[in-house]
Amino acid sequence: MAEESDLEKTEDASPKRLEKAREEGDVPRSRELATVTVLLAAGFAMLMMGGQLADALKTSMSSGLSFQRAYAYDPMLLLMKISDNIYNLLLAFSPLALILFFVAIASPALIGGWVFSEKALIPKFGKLNPITGFSNMFSKNSVAELVKSIAKAILVGLVSYVVISHDMESILSLSLLPLNESIAEVNHLLLTSFLAIVSALVLIAAIDVPFQLYQYAEKLKMTKEEIKRESKESDGNPEIKSRIRQQQREMSRRRMMSEIPNADVVITNPTHYAVAIKYKEGGMLAPVVVAKGADAVALKIREVADEHKVLIVESPKLARAIYTHTELEHEIPEALYTAVAEILAYVFQMRIFNKNGGYQPEVPSTLPVPDELDPHSLIPLPGVEDV
């Protein structure tokens with residue numbers, strides 16, 4: 001059952017899958033939306049410019065039906081007249097053509113956006129396979145297109161029937177009107193019928209757009225195995241990444257351990273925490289933590305410190321505070337300046353004692369460490385006692 005679920009496309013397409021599909025020119029498209037957009041633009045343009053276009057057609061027809069004697073003796077004059085009529089018609093209809101052109105170019109941006117892909121131009125010979133073509137005839141997409149075509153035919157038929165029934169009296173009375181009035185009435189009937197039918201197609205487009213988006217999402221769905229494989233390709237093998245992180249931690253730990261011999265003092269819990277402090281007068285604004293660790297790492301820090309004769313001072317509360325609130329190679333918090341200063345003063349006194357002898361300094365016992373910086377003061381840990 002687990003293998004079957006891995007083979008089922010139940011996961012949404014990843015951003016990488018969507019980007020790859022877009023690069024190949026595969027984006028959601030709705031032909032119904034593009035068609036309705038162009039038709040609506042044409043209808044409203046005709047509504048706004050219909051009078052001018054009708055005048056241009058009337059002038060062209062009147063000019064074309066008139067014939068002068070000179071045309072019979074000079075064919076060039078006739079050709080010039082025909083070319084002038086064509087030019088005037090093109091000039092009159094050019095605004096409508098430009099509007100439809102820009103609407104047709106802009107309509108794809110409504111769903112899917114503009115995509116320029118060379119891969120979409122490469123011929124795919126697999127589509128010439130008759131078996132595949134025959135199976136596509138009975139696919140879900142083909143059935144949906146068939147249902148959509150039938151719905152469009154029924155809807156357009158119903159709207160046309162309603163419009164014609166409503167204007168039946170006007171249509172029958174056209175023959176009784178003068179020529180100019182009948183032409184104007186026909187133009188009005190045709191335009192309103194056109195807009196009514198196109199507006200009905202908006203319903204088809206409103207259904208088709210969500211369906212195309214749903215179908216596109218379903219087509220690009222991925223199996224769980226594909227998600228895992230893509231994740232490995234994008235982010236790398238988790239085992240390799242884990243090994244790299246482990247090696248990075250080891251390198252960081254070795255680098256940290258190499259700094260302990262240069263430390264001035266190691267402050268311990270004494271068994272749970274250990275922090276190595278370094279301070280160079282004149283070269284640092286405040287003491288810096290060059291190494292820190294807990295449990296096994298703390299033990300290793302103490303061993304390295306013993307090996308290189310770095311002084312180890314037990315101060316549980318201070319060790320915990322520095323470990324919790326100071327990052328590696330960062331300065332200690334200002335609230336711990338006084339406590340660390342007493343420790344460093346003790347370290348420098350011990351160096352003088354070890355070199356010249358005399359009175360041995362005492363280890364600072366009560367250091368001014370704020371309780372809010374000690375994690376044990378905030379959250380008591382049962383079973384852990386300061387030594």
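Two strands count as paired if DSSP finds at least two bridges between them. Helices (H or I, at least four residues) and strands (E, at least two) are DSSP runs, numbered from the N terminus. The model is predicted: local features need pLDDT of at least 70, side-chain atom pairs count only at pLDDT 80 or more, and totals for chains, interfaces and linings use all residues. Residues are numbered from 1 along each chain as its sequence is written, and side-chain values use heavy atoms, with hydrogens and water left out.

Four strands form an open sheet in the order β5-β4-β3-β6, with mixed pairing. β5 (288-294) and β6 (311-314) stand at the edges with a single partner strand each, so one side of each has no neighbour in the sheet. From one strand to the next, the twist averages 20°. Strand β3 (residues 265-268) pairs with β6 in the parallel sense, over four bridges. Threonine 268 stands opposite glutamate 314 in β6.

Two helices lie across β3, β4, β5 and β6. Helix α12 (residues 296-307) runs at about 125° to β5. Helix α13 (residues 316-325) runs at about 75° to β4. Axes are lines fitted to C-alpha atoms, for helices over the stretch in contact (heavy atoms within 4.5 Å). Angles run from 0 to 180 degrees between N-to-C directions.

Confidence per residue is given by pLDDT, from 0 to 100. The protein chain has a mean pLDDT of 79, and 86% of its residues reach 70 or more. Confidence is highest in strand β4 (residues 273-278), at a mean of 91, and lowest in helix α1 (residues 2-7), at 48. Where pLDDT is low, the predicted coordinates should not be read in detail.

Key. pLDDT = per-residue confidence, 0-100.
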